[in-house]
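Thanks for coming. I will go through one structure today, starting with a pair of helices and ending with the domains. Please have a look at it first.

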Amino acid sequence: MIKIDNTPYPSFGILLVDDELAWLRSLRLTLERSAGISNIRTCADSRQVMDILDEGGIGLILLDLTMPGLGGEELLTLIGEQHQDIQVIVISGLNQLETAVRCIKQGAFDYFVKTDAQEHITKGVLHAIRTREMQSVNDGMRQRILSGELENPEAFEDIASVSPTMLAVFQYVEAVAASSQPVLVTGESGVGKELVAKAVHQVSGRKGPLVSVNVAGLDDTSFSDTLFGHKRGAFTGAATARAGMIEQAYGGTLFLDEIGDLSLQSQVKLLRLLQEGEYFPLGSDRPKLMQARVVVATHQDLPEKVQRGEFRKDLFYRLCAHHVHVPPLRERKADIPVLLDRFLEEAAAEFGKRKPAIPKELPVHLSTYAFPGNVRELRGMVFDAVSTHKAKVLSMQSFLKAMRREHELVDESALAGGGARPFAGLEPLPTIAESTVLLIEEAMERAKGNQTLAARMLGISQPALSKRLKQLKS
Ligand SMILES: Nc1ncnc2c1ncn2[C@@H]1O[C@H](COP(=O)(O)OP(=O)(O)OP(=O)(O)O)[C@@H](O)[C@H]1O
C-alpha cells in the first residue's frame, strides 16, 4: 500500500496555467501519479499569474498559450522581465514550429504540444525540475561561500571539526540538501562518511526516516530482496510479504554504504531504479514509486573501478550528481585537538570516569602521525587510553604504543612489497653525514620544531639531538 507523505516534491512550487479546467486536472494527476510531483498549484485565469508569482515559492510554470484575458506569449515576456529565476515550459494546443521557436527564443525552457505522449511531457518536467535544482545548488553554494556561514549548524553537531575544508563540505551539503538527486560521499575509511550522510538527511528536512544499508557482501538476490522487498510466496520460504528498505525510507533518505562493492548485476538494478524512479518487489508485477532520496558512500576510487570495468560508467555519473569528498584526517590536522576533546568526553562518560586532562605534548605527537584509520583510529586510541587510565592527566603510553605498532606494520608491508630500498632512485647516494642531516631536518619538520619529539623519532636523546643541531648551525 502506498502511504501518504507530506513532504512536497520538488521543494519549489510548480504552477499549471490553462483556462481548460479538465486539462489542468488531468495534467496534475499525471504528474502526481507517474512522477510523484506533489508541490503543484493550478491557475485557470491567466490574469492572476503575475500576482501568484509575486507571492514567491514558484520555481516552474507549465503554461498554455491560447487563453482569454492574457495570452501565454505575453505572460512569457512578463515572466522573463520580472522573474528570470522561474522556468517556463510551454504546453500548447498549437503544433506550430514557428510558435515553438519564438517561445524558446523568449526564454521558455521547453515546448510541448498537448497531444504529445504524457510520458514525454512528464520527462520534460522532471528534466526542468533537475535543472532548476542544480541551479539553486550553485546559487546556494555561491551565497554560502560568500557569507562563510551555515544555515543549520545543528545538523553538523555530531561532526567535530574546525578545519576550513570541512566547513566547505558542510556548506556544500547545505547547498544540495533540497535537491532530489543522489549524493555520492567519498573518502578513506573512517573519515566520517556515514556522519556526513546523516547530516545530508537532517539538513534535507525530509520527514521520513534515514534507512541505511551496507551493500558490501550482498549477492544480487539479497540486494533485490533487501531493497525492493517481496510479495508473499515470491520464493520458497517467503511465507509473508516484506517491505523493502526503499519503502521503509518513504519520504526520507536511503543510504547505501560501500557502494563500490556492489556487484555488476545489482548495479544494473540500481541504475534502473534511479532512472525510472520505480521498482518491482520480488514476485510482483506492479511497480512502486520510490519516494526516497538516495545517498551512497564508498572509500574506493570509483573512477578507477570504472576504468577497470568493475563499475558502470552510467551509474557512476548518475550517482555523482552531487559529490561530497571528506578529506583524510592527516590533511586536516587542526581537527585533532577538537576530536581529542570530543572523544575524551564520550569515553569518560562511557567508562564512568572524570574527563582526564590532556598532556601538552599529545596533540603535537598525534599531528606527526598519518592516521591510516582516520578519525575512527583516533577514537579507538582515546577510548583505549581512557579505559586503562587512573591518574588526573591522561597517559601518553597507549597512544605511543598504537602509533609504533602502526609504523611497524607499515614498515613490514613496505618490506613485503619490495619497498626496502628507500634510496633506490637517488643518484648519487647521499653520504652518511648527509643522510644524518636530512633525517634530522625531516624529524624537526615533522615534530614542528619540538626537539623532544624529534629526538624520540630519531631514537636518540633530546640533549644528543640538541648537540647535533648546534653543530649543524655552526
Ligand atoms: N568529525 C567527527 N567528529 C566526531 N566523530 C567522528 C568524526 N568523524 C568520524 N567520527 C567517528 O569516527 C567513526 C567512523 O566514522 P564513520 O563510520 O562515519 O566513517 P566512514 O567514513 O563511514 O567509515 P567506513 O568507510 O569504514 O564506513 C565513527 O565512530 C564516527 O562517529
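Let me start with helix H8, residues 220-228, and helix H10, residues 264-276: their axes come within 8 Å and cross at roughly 25°. Bear in mind that this is a predicted model. How are H8 and H10 oriented to each other? An angle under 35 degrees counts as roughly parallel, and H8 and H10 are therefore roughly parallel to each other. The crossing in which H8 passes H10 is right-handed. On the H8 side the residues are Asp220, Phe223 and Ser224, and they meet Gln265, Ser266 and Lys269 in H10. Sorted by class, this contact of H8 with H10 has 3 polar, 2 charged and 1 nonpolar residues.

Next, helix H6, residues 164-176, with H7. Their axes come within 9 Å, and the crossing angle is roughly 40°. H6 and H7 are therefore oblique to each other. They cross in a right-handed way. Val169, Val173 and Glu174 of H6 make the contact with Val196, Ala199, Val200 and Val203 of H7. What classes do the residues in the contact of H6 with H7 fall into? There are 6 nonpolar and 1 charged, with no polar residues.

From H13, the residues are Leu339, Leu340, Phe343, Leu344, Ala347 and Ala348. In H15 they meet Val375, Leu378, Arg379, Val382, Phe383 and Val386. By class, the contact of H13 with H15 divides into 11 nonpolar and 1 charged, with no polar residues.

Now to the ligand. Which residues come nearest to the ligand? There are 18 residues around the ligand, and of these Ala160, Gly192, Lys193, Glu194 and Val375 come nearest. Val375 has already come up, as one of the H15 residues that H13 meets. Three helices each supply at least two residues of the shell around the ligand: H7, which is 193-204, H13, which is 335-350, and H15, which is 374-388. The shell divides by class into 6 nonpolar, 6 polar and 6 charged residues.

The domain assignment of the protein chain gives domain 1 at 13-134, domain 2 at 148-327, domain 3 at 328-420 and domain 4 at 426-474.

One more contact, between domain 3 and domain 4. Here 4 residues of domain 3 are in contact with 5 residues of domain 4. The side of domain 3 that touches domain 4 has 2 polar, 1 nonpolar and 1 charged residues.

How values were computed:
Residues numbered from 1 in each chain as written. Predicted model: local features only at pLDDT ≥ 70, side-chain atom pairs only at ≥ 80, totals over all residues. Axes fitted to C-alpha atoms, helices over the stretch in contact; angles between N-to-C directions. Helix = DSSP H or I, 4+ residues; strand = E, 2+ residues; numbered from the N terminus. Parallel < 35°, antiparallel > 145°, perpendicular 65-115°, else oblique. Left-handed = near helix turned anticlockwise from the far one by under 90°. Contact = placed C-beta atoms within 7 Å. Nonpolar A, V, L, I, M, F, W, Y, C, P; charged D, E, K, R; others polar. Near = placed C-beta within 6 Å. Domains from an automatic or database assignment.
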